[in-house]
Amino acid sequence: MASAVVNPRDLRFQLFDVLGSDALCARARYRDHDRESLEAALDLAIQIADEVLWPNAPIGDRDEPRLENGRVRVPSAIHESVAAITDAGFIAAALDYDRGGMQLPAVLLQACLGVLKAADTATAGYLMLTKAAANLLDVHGTDEQKRLYMEPLYAGRFLGTMCLSEPDVGSSLGDIRCRAVPAGDGTYRLSGSKMWISGGDQDISENIVHLVLAKLPDAPPGVKGISLFIVPKFRVNADGTLGAPNDVAVAGLNHKMGYRAISNCLLSFGENGGCEAHLVGAPHAGLACMFHMMNEARIGVGISGAMIGYAGYTQAVRYARERRQGRPVDNRDPTQPPVPIVRHADVKRMLLKQKAIVEGALALCLTCARYLDDMTTATDEDQRQRAGLLLDILTPIAKAWPAEFCQEANSLAIQVHGGYGYTRDFPVERLYRDNRLNAIHEGTNGIQAIDLLGRKARSQDGAALRALMEEIRADIDAARDLPALAEHCDALAAATGEIEGATAAIGAARAEGRIGDSLANASLYLNALGHIVVAWLWLRQARAADDALRQGAVTDDDAFYRGKLAACRYFFRYELAGMKPAIALLARVDTTCAEMDTNMF
Amino acid sequence: MKVLVAVKRTIDPNVKVRVKSDQTGVETANVKMAMNPFCEIAVEEAVRMKEAGSANEVVAVSAGADKAQETLRTALAMGADRAVHIVTEAELQPLAVARLLKVIADEEQPGLVIMGKQAIDDDSNQTGQMLAALLGWPQATFASEIEFKDGTADVTREIDGGLETLNVNLPAVVTTDLRLNEPRYASLPNIMKAKKKPIDRREADALGVDISPRLAIHKVEEPPKREAGIKVADVAELVAKLRDDAKVIG
């Protein structure tokens, strides 16, 4: 493994051998591409990740952003990392050529961004927010807003933020208190506080574009009364030059466990009545504009969770191969030199578990990104619709599952390092801290679970879940005759039947009016369905590996493919099998947790 | 001034190289390949010359199998204007490459040929020097700084004792050392633009030069593994070991 954070061979395998991403080049939008240009983009991401982001990441973690005279200072190493990403064109990569883009398919873009996140997810955060803000303006902005704000965002000259939460309002956006009043000249004056604003201030870019949710004076109550505004840090003149400061103050910095290179601010807008805001889209339609970007943002968080886990695994493998300690249990001759710890069975177990989880999580996120491509560019209308349906049900899983289980992988990466892993001299403790955010932001894992079970699995009479089960069964049928995979096909077929049964039982409880009970184990449901989905994607990977082995892959790749088969076996025998008790709890709509009185804690 | 920059496709420097089991060479099947790092520096320098106005066209050239085209695309993505691909499946040794490059240099009439001082695969460090001799042009190897003035170039060279500055008349052949510059990353839009830039395919057989190998490779093997050291009891034993076992003293 040449890269410190990923296995490029695995990325290629997943992107091309399993997902057939090069077939996208046949579609009109991607016809200038070929395997070579897609790989060139991936190689560029790997190069920047290894040469710039990875060495700078510990600096951003150690010297976290600080507030000086009302301004946030970020270490110069992080300026360098951000510049490397923006100069390479990753913010605008999916755009048309004539807008400075590469017309890169979503699956490749997410893979590239994933590689950058593996190296330094915190710094990549600046890019993710900027891309999301620019994409949002691309869809909902006026021509003027696009020229003044979107274009500099895509070029990386301005960086963007998303201002949703407030000090007292997090996941429940209907209760926000930020206000915007018409100024009489077509602009608005905005006032209020916003909390947890990543990149809320920094000294990297010449200007910052905040996308702010606020309420107009005539707003209806709740989520139907939220509007979306552009609030620049410095006002932008009609000719694009920067004007006066726009009355946006940094009221404080949050000091985080991880993800430190990206500042996290409490912002105060309009303390002096001079915060000019520009309405995006229609009044009171702000949340809809914001959620337009949600699918991609959630897959983005999933990729972060997966790839931080991946970086930990990569480091753990490297360490286990170098670190010599102890002798084999069946040959403890003290006159022999100690062996690399990778030869000890328990270390193998820890590495294999990490491999099965992180490569499975990556497969999950890339599969979603591949459906994003199908949803937007498949030539067949039915295929586009089906991809959308599958994305509906897979997106909450893609957001939550990697964060949940790759955190375990990150913990094992520390364990493999022993005491050294617990020190700041090795990167695995930072990776562990960084990943902990992914279960929290962009809709907590609990909210994803309710979205999955309460909405996505039920909508259109369960059409999305049915589509997913059809996909899974098609792959079971395709692998059924392969001797190496027959055992897994049986296990997966059984698990799909059990989760369908549990879903029906939960639906019956709901039909009886037990709505609270039906959602009480939503997190369990997400984890169980997540395991089934990841097992399915492992079966796909195993089939591709089995194909390659039977076609007589060259000797040096033999271990790669056999490793895929082993990780698939591990996932089925240890992970999927371990989910049985959870599925049983779901099937009987267990109420142990829901029945707790609040005074019993 | 036109600049001709020669590039070579080699095993990616981050890859651990393995010797083929039959000892005829190193394993290249399924191994990640990349532009030779010294060649990257040469391309970067040529592109900087164009950006600074001291060059008006950068032409990249490579000799080798079809896949060499990928390396030329990298040069084009970094900023070269067009490329020449001398196509051959034959094994190419430095003299053969120098002869092929001479043909292209004669046709293109560049003011400067710039290339890596050596390639990380065979470490020959010969092609630039041979090309200069074949062309009858001045050469300045191991460049760490190049400055152009009045049809000449001041080239600072990295030599054993320190730095040496030569003034060469142009056209000349310059080979690059590591400290000359830090090559840029080819941006995503430039990777796509590079696909539209022309690559002129030339069959090596049609260029009228003898490219047959002059050197025969008998065997390729890994460097011997370093064996564990031993502790000696005293100086007398050490001297005895050095004399009798290692045979390094008389």
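# Two chains, loop by loop

Trainee: Where in chain B does B:D150 lie?

Mentor: B:D150 lies in the loop between β7, which covers residues 139-149, and β8, which covers residues 152-159, of chain B. Please keep in mind throughout that this is a predicted model.

Trainee: What phi does B:D150 have?

Mentor: Its phi is positive, at about 50 degrees, although B:D150 is not a glycine.

Trainee: And is B:D150 buried or exposed?

Mentor: B:D150 is exposed, because its relative accessible area is 77%, and the cut-off for calling a residue exposed is over 50%.

Trainee: OK, over to chain A: what about the phi of A:D247?

Mentor: A:D247 is not a glycine either, yet its phi is positive, at about 60 degrees. The residue sits in the loop of chain A that runs between β9 (242-245) and β10 (248-253).

Trainee: Which loop of chain A holds A:S172?

Mentor: A:S172 is in the loop that joins β3 (158-163) to β4 (179-182) of chain A. With a relative accessibility of 38%, A:S172 counts as partly exposed.

Trainee: Let me step back, then. How many helices and strands does chain A have?

Mentor: Chain A has 17 helices and 12 strands, and its C-alpha trace spans about 80 × 60 × 60 Å along the principal axes. Of its 601 residues, 58% count as buried.

Trainee: What would the radius of gyration of a compact globule be for 601 residues, and what does chain A have?

Mentor: A compact globule of 601 residues would have a radius of gyration near 25 Å, and chain A has 25 Å, so the two agree. If you take the contacts in chain A between residues at least 6 apart in sequence, 75% of them join residues at least 24 apart.

Trainee: What about the surface and charges of chain A?

Mentor: The accessible surface of chain A is about 23,500 Å², and 51% of that belongs to carbon and sulfur atoms.

Trainee: How far apart are the end C-alpha atoms of α13 in chain A?

Mentor: They are 38 Å apart, which agrees with the 38 Å that the 26 residues of helix α13 (residues 486-511) should span at 1.5 Å a residue. The buried residues of α13(A) include A:L492, A:I499 and A:I506. Just after α13(A) comes A:G513, whose phi is positive, at about 90 degrees.

Trainee: Now chain B as a whole: how many helices and strands are there?

Mentor: Chain B has 6 helices and 11 strands, and along the principal axes its C-alpha atoms fill a box of roughly 70 × 40 × 40 Å. Buried residues make up 43% of its 250 residues. Chain B exposes about 13,300 Å², with carbon and sulfur atoms supplying 50% of it.

Trainee: Which peptide bond is cis, with omega near 0 degrees?

Mentor: That describes the bond from B:L170 to B:P171, and B:P171 is in the loop between β9 (162-169) and β10 of chain B.

Trainee: What sits in β10 of chain B, residues 172-176?

Mentor: B:T176 is one of the residues in that strand, and because its relative accessibility is 0% B:T176 counts as buried. Leaving aside neighbours within four places in sequence, its contacts include B:F38, B:I114, B:K117 and B:A143.

Trainee: And which residues does B:M192 touch?

Mentor: Not counting residues up to four places away in sequence, B:M192 touches A:D32, A:H33, A:S37, A:Y97 and A:M102. B:M192 belongs to helix α5 (residues 188-196) of chain B, and B:M192 is buried, with a relative accessible area of 6%. Within chain B, the C-alpha atoms of B:M192 and B:L76 are 9.8 Å apart, while 116 residues separate them in sequence.

Technical notes. Residues numbered from 1 in each chain as written. Chains lettered and ligands numbered in written order. Predicted model: local features only at pLDDT ≥ 70, side-chain atom pairs only at ≥ 80, totals over all residues. Heavy atoms only, no water. Helix = DSSP H or I, 4+ residues; strand = E, 2+ residues; numbered from the N terminus. Rg over C-alpha atoms; globule rule 2.2 N^0.38 Å. Buried < 20%, exposed > 50% of the residue type's maximum accessible area, 1.4 Å probe, protein only. Contact = heavy atoms within 4.5 Å. Areas by Shrake-Rupley, 256 points an atom, 1.4 Å probe, with all protein chains shown as cover. Expected span 1.5 Å × (residues − 1).
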